[in-house]
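The following note is written for a colleague who is meeting this structure for the first time. Its points are numbered and may be read alongside the model.

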Amino acid sequence: MSRPLDSSTNALLRLPRSRWETGRTLLRPYSPTDKKAFLSLWGDPVVQQLTLESVETGSLFFAVVEDKERREFMGHVSLNFKPPPAERDAMVGIALKGIYRGRGFGTELMHWLITYGFCELGLHRISLTVMEDNIPALRMYEKIGFIDERRTEGTRTNGRLGDIIYMGIERVEWDIQRGRKRDFPVT
């Protein structure tokens, strides 16, 4: 059973206290030695927008992602509360270096983040935004179970004009997709 999230819990969860693993990646706290790699990653205009959104909302969970085999910096992941925190809704963020995109790492990390958010942090809902022309990400999010909920038309992001798609998944949907029975009725 997860414990309730409040402002003191939020402060404790901002940085992981230990390391986590997925099949091919390690997740760990930020270290000052990561600065150069972050600056390089943030030079990518797409990553700049995603990171800015993450920084502006404040992180519930933030971790550096490393390639498990190479021990090389890959990017970062985050979960950020959407106000009000009592709703237990968080925005998920992921930013990977270009050489790691399109190779399944994003899917692996998203599955881990969603499971961690629902099962360890007690979130009820996880949301995200994606540009309409980011077809690989849209396909991945839909495959995972995120639902297209609304669009903001004609938004300019990093010099591009396009729609921003808002997507989300609820804990109940996630459990049903995985064939897990709920111990309470779904209303």
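1. In strand β3, Phe-61, Ala-63, Val-65 and Asp-67 point one way, while Phe-62, Val-64 and Glu-66 point the other way, and all are buried. Buried here means under 20% relative accessible area, exposed means over 50%, and partly exposed lies in between, with a 1.4 Å probe and protein chains only. In a regular strand the side chains alternate between the two faces of the sheet. Because 7 of the 7 residues of β3 (residues 61-67) are buried, the strand is largely enclosed by the rest of the structure. Helices (H or I, at least four residues) and strands (E, at least two) are DSSP runs, numbered from the N terminus.

2. The model is a predicted one: local features need pLDDT of at least 70 and side-chain atom pairs count only at pLDDT 80 or more, whereas totals for chains, interfaces and linings use all residues. Residues are numbered from 1 along each chain as its sequence is written, and side-chain values use heavy atoms, with hydrogens and water left out.

3. Which residue in the turn between β3 and β4 has a positive phi? The two strands form a hairpin with 4 residues between them, and the residue in question is Arg-71, at about 55°. Arg-71 is a residue other than glycine. With a relative accessible area of 55%, Arg-71 is exposed.

4. Within β4, Ser-78 is buried, at 0% relative accessibility. The side chain of Ser-78 makes a polar contact of 3.3 Å with that of Asn-80. A polar contact is a pair of N or O atoms within 3.5 Å; within protein, one must be able to donate a hydrogen and the other to accept it, and residues adjacent in sequence count only if both atoms are side-chain atoms.

5. Helix α4 (residues 105-120) has 16 residues, which should span 22 Å at 1.5 Å a residue, and its end C-alpha atoms are 21 Å apart, in agreement. The expected span is 1.5 Å times one less than the number of residues. As 12 of the 16 residues of α4 are buried, the helix is largely enclosed by the rest of the structure. Among the buried residues are Phe-105, Met-110, Leu-113 and Phe-118. Just after α4, Gly-122 takes a positive phi of about 75°.

6. The largest nonpolar core holds 38 residues, of which Phe-61, Leu-79, Met-110, Tyr-141 and Phe-146 touch the most other members. Elements that each supply at least two residues of this core include β3, β4, α4 and β8 (160-170), and the largest share, 8 residues, comes from α4. A nonpolar core is a set of buried Ala, Val, Leu, Ile, Met, Phe, Trp, Tyr and Cys residues joined through side-chain atoms within 4.5 Å. In soluble globular proteins, nonpolar side chains tend to be buried together.

7. By the ring rule, there are 9 aromatic pairs. The rings of Trp-112 and Tyr-116 have centres 4.8 Å apart and planes at 10°, so this pair is stacked. Trp-112 and Tyr-116 lie 4 residues apart in α4, about one helical turn; Trp-112 is buried at 15% relative accessible area, and Tyr-116 is buried at 11%. Tyr-141 and Phe-146 form an edge-to-face pair, 6.0 Å centre to centre with 65° between the planes. Rings of Phe, Tyr and Trp (its six-membered ring) pair if their centres lie within 6.5 Å; planes under 30 degrees apart count as stacked, over 60 as edge-to-face and the rest as tilted. One aromatic cluster is formed by Trp-20, Phe-61, Trp-112 and Tyr-116.

8. For the protein overall, there are 6 helices and 8 strands. Of its 187 residues, 46% count as buried.

Methods. Pairing = 2+ DSSP bridges.
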